[in-house]
Every structure is written in C-alpha cells, then in structure tokens.
Amino acid sequence: MPLSDQRVLVTGASSGLGRALSVLLAQGGAKVVATARRPDPLEDLAERHAGVETRILDLLDPEGIQALCADAGPLTGAVLNAGVTDVGRFADGSDALDAAMIETNVMANIRLARGLHDALEGGRLVFVGSMAGQIPLPYQAVYSGTKAFLHNFALALREEWNGRTSVGVFEPGGIKTEMTDIDALATLQDHLADPDEVAAELLAFYTSDRAIRVPGRLNRLSAHAARLLPDATLARVMERIYRRD
Ligand SMILES: NC(=O)c1ccc[n+]([C@@H]2O[C@H](COP(=O)([O-])OP(=O)(O)OC[C@H]3O[C@@H](n4cnc5c(N)ncnc54)[C@H](OP(=O)(O)O)[C@@H]3O)[C@@H](O)[C@H]2O)c1
C-alpha cells in the first residue's frame, strides 16, 4: 500500500529513531499518530510536518494505553518503538528502575499489540527491538532481557496472526540518540549509527512483510558471526567489550 494511503501509529516519536521515522513517514505522505510523554517535541514535529497528529501517552499508564487503543481510529500499521535502558552494573541498579524498564519495553508493547489487534487487521505491526535481543549484553542485562523478549514475542505473534497482520521485529545496533548520549557510553560515540539512516532502514522494513531486520551491513555480519559462537562464549566476549574498569 502506498504511504499516502497509510495511517501509522508511532510510539516514542518525541526523539531519536521514532522522531526520524515519523518525519520520513510524513514526508512520504502518510498520516502519523505520533505518541510520547513530552508535549513540546511532539508539537514541534506536528508543526514542521503535515499529516502528523500527536497524542500524549505514558507507556507506564495502562489506562492511557487502553484509551489510545480505543480511539486511535483506523490504522494501517504501528511501529512500537519507544524504549528505555539503564547502563551499569546490575548490582548497582534498582528494582524500581528495572520494573519501569520492563513495563515500558515489554508490558506496554503487549498491551498495545492486544489493544490494537482489531485495528491492525490487514496491516503491519513492527516492534523495535535491539541486537541486544539476539546477543546477551552485560551491563544492560535487564534491557537485553526485555529485547530478547520482544524478539521471541514478535516472531510468535507473527505466526499466530499470519495472513491477517504482518508482524516484524527491527533490531538495531548502537544509534546516536538521547538513549546513548550518556557518560557510561562515551567511548562508543564514534561507533554509533545516524538515526536518520537507521530510520530509512526502518521505513523500508515497515513497508515490507519481513520478519526480522538488523540494520547496517556490519551489524548484520556481527549478528551472523555471533550465531557461530556458543551463547556463553558470546556473553563473555560482550562482557570484555562493555567492561568499564
Ligand atoms: N539508541 C540505540 O543505540 C538503540 C539501539 C538499539 C535499539 N534501540 C531501540 O530504539 C528505540 C528508540 O530508542 P532511541 O534510541 O530513539 O532513544 P530515545 O531518543 O531516548 O527515544 C526513546 C523514546 O521513547 C519514549 N519513551 C520512553 N519512555 C516512555 C514512556 N514511559 N511513555 C511513552 N514514551 C516513552 C521517549 O519519549 P518521551 O520521553 O517524550 O516519553 C522517546 O520518544 C528503543 O526501543 C530502543 O531500545 C536503540
């Protein structure tokens, strides 16, 4: 279906990958239902790009998710992109932060997928996961777990909904966004991908019927190479790469 006939819900549209994707969708003629918590960046997005309507949505609020699903209107697709992480030693983290991460990255996506099930019939549903869903990521252990959940969840749902809604999971490596603009990831900054380039790959994935996409040739090579190693060895290699002592 041409983008000009589409109306797409995007979560996490106030910054980073979600914003870049919303811009590309709108430039292609799609209507975009852009959601996030912060009103200012959403309003800025809508002012600059025709076809963008905004909804304030806190993914930690199940009733807010329910209300959005009930009155989102006709949709041809959804890109469930919003996510959070916490970088550092697991032992230094907190239950509260991890619970919020699981609620945002996992439960909110479950609620949205179920709530939008009818609206998305005949359309496309894309989850934004991460390479960290395929490769264990020490020092972001809970985040890595949430993205591994999304990987299996999306592929399982794809088969259940086969022929009715096309489900896929998009799994980027590091991107230069607010999420990675933190001291703990300072040494990685030169290796992070441009969000506009990743968004272009996300748009191509959204308009396809593919199941999984790791954007970037080098990332795809790494993901293939990672599969050749036993999981425990892979996790050990990743720990060496991300250790900050
Ligand atoms: N950056 C990377 O290196 C990288 C790598 C692989 C995968 N990813 C994934 O890509 C996706 C987008 O991340 P990004 O890099 O673009 O990060 P980002 O710039 O920090 O964007 C995160 C988005 O999620 C929204 N969000 C966070 N908590 C929310 C909540 N409780 N309710 C509603 N919206 C919420 C934020 O909006 P508000 O704060 O306005 O609510 C923001 O729009 C995430 O799923 C992330 O895990 C990122």
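Analyst: One term to settle before we start: a residue is exposed when its relative accessible area is over 50%, buried when that area is under 20%, and partly exposed in between. Also note that this is a predicted model.

User: Fine. Start with helix 8. What length is it from first C-alpha to last, and what would be expected?

Analyst: Helix 8 covers residues 231-242, which is 12 residues. Its end-to-end C-alpha distance is 16 Å, close to the 16 Å expected at 1.5 Å a residue.

User: Which of its residues are buried?

Analyst: Leu234, Met238 and Glu239 are the buried residues of helix 8. They sit on the same side of helix 8, because the arc they cover around the axis is only 140°.

User: And which exposed residues are on the face turned away from that side?

Analyst: Ala232 and Arg240 are the exposed residues carried by that face of helix 8.

User: What covers the buried ones?

Analyst: Helix 7, residues 217-228, is included in what covers the buried residues of helix 8.

User: While we're on helix 7, serine 222 is in there. Is serine 222 buried, exposed or partly exposed?

Analyst: Serine 222 counts as partly exposed, because its relative accessibility is 35%; the cut-offs are 20% and 50%.

User: How far is serine 222 from alanine 211?

Analyst: They are 11 residues apart along the chain, and their C-alpha atoms are separated by 19 Å.

User: Switching to helix 3. Which residues are buried there?

Analyst: Helix 3 runs over residues 62-71, and Gly64, Ile65, Leu68 and Cys69 are buried in it. Their arc around the axis is only 135°, so they lie on the same side of helix 3. Glu63, Gln66 and Ala70 are exposed on the face turned away from the buried side.

User: How do helix 3 and helix 4 cross?

Analyst: Their axes come within 9 Å and cross at roughly 30°. Angles under 35 degrees count as roughly parallel, so helix 3 and helix 4 are roughly parallel to each other. The crossing is right-handed.

User: Which residues meet there?

Analyst: From helix 3, Pro62, Ile65, Leu68 and Cys69; from helix 4, Glu103, Ala108, Arg111, Leu112 and Gly115.

User: Helix 4 against helix 5, what angle and distance?

Analyst: The axes of helix 4 and helix 5 come within 9 Å, with a crossing angle of roughly 10°. Helix 4 and helix 5 are therefore roughly parallel to each other. On the helix 4 side the contact is made by Asp98, Met101, Ile102, Asn105, Val106, Asn109, Ile110 and Ala113. On the helix 5 side it is made by Val142, Tyr143, Thr146, Lys147, Phe149, Leu150, Phe153 and Leu157.

User: How many residues in helix 5, and what's its span?

Analyst: Helix 5 (residues 141-160) has 20 residues and reaches 29 Å between its first and last C-alpha, close to the 28 Å expected at 1.5 Å a residue.

User: Last one: helix 1 and helix 6, what angle?

Analyst: Helix 1 (residues 16-27) and helix 6 (residues 195-206) cross at roughly 60°, with axes that come within 8 Å. Helix 1 and helix 6 are therefore oblique to each other. Their crossing is right-handed. Residues making the contact include Gly16, Ala20 and Leu24 of helix 1 and Pro195, Ala199 and Leu203 of helix 6.

Definitions and conventions. Residues are numbered from 1 along each chain as its sequence is written. This is a predicted model: local features need pLDDT of at least 70, side-chain atom pairs count only at pLDDT 80 or more; totals for chains, interfaces and linings use all residues. Side-chain values use heavy atoms; hydrogens and water are left out. Helices (H or I, at least four residues) and strands (E, at least two) are DSSP runs, numbered from the N terminus. The expected span of a helix is 1.5 Å times one less than its number of residues. Buried means under 20% relative accessible area, exposed over 50%, partly exposed in between (1.4 Å probe, protein chains only). The arc is that of the directions from the helix axis to the C-beta atoms. Contact means heavy atoms within 4.5 Å. Axes are lines fitted to C-alpha atoms, for helices over the stretch in contact, and angles run from 0 to 180 degrees between N-to-C directions. Angles under 35 degrees count as roughly parallel, over 145 as roughly antiparallel, 65 to 115 as roughly perpendicular and the rest as oblique. A crossing is left-handed if the near helix is turned anticlockwise from the far one by less than a right angle, and right-handed if clockwise.
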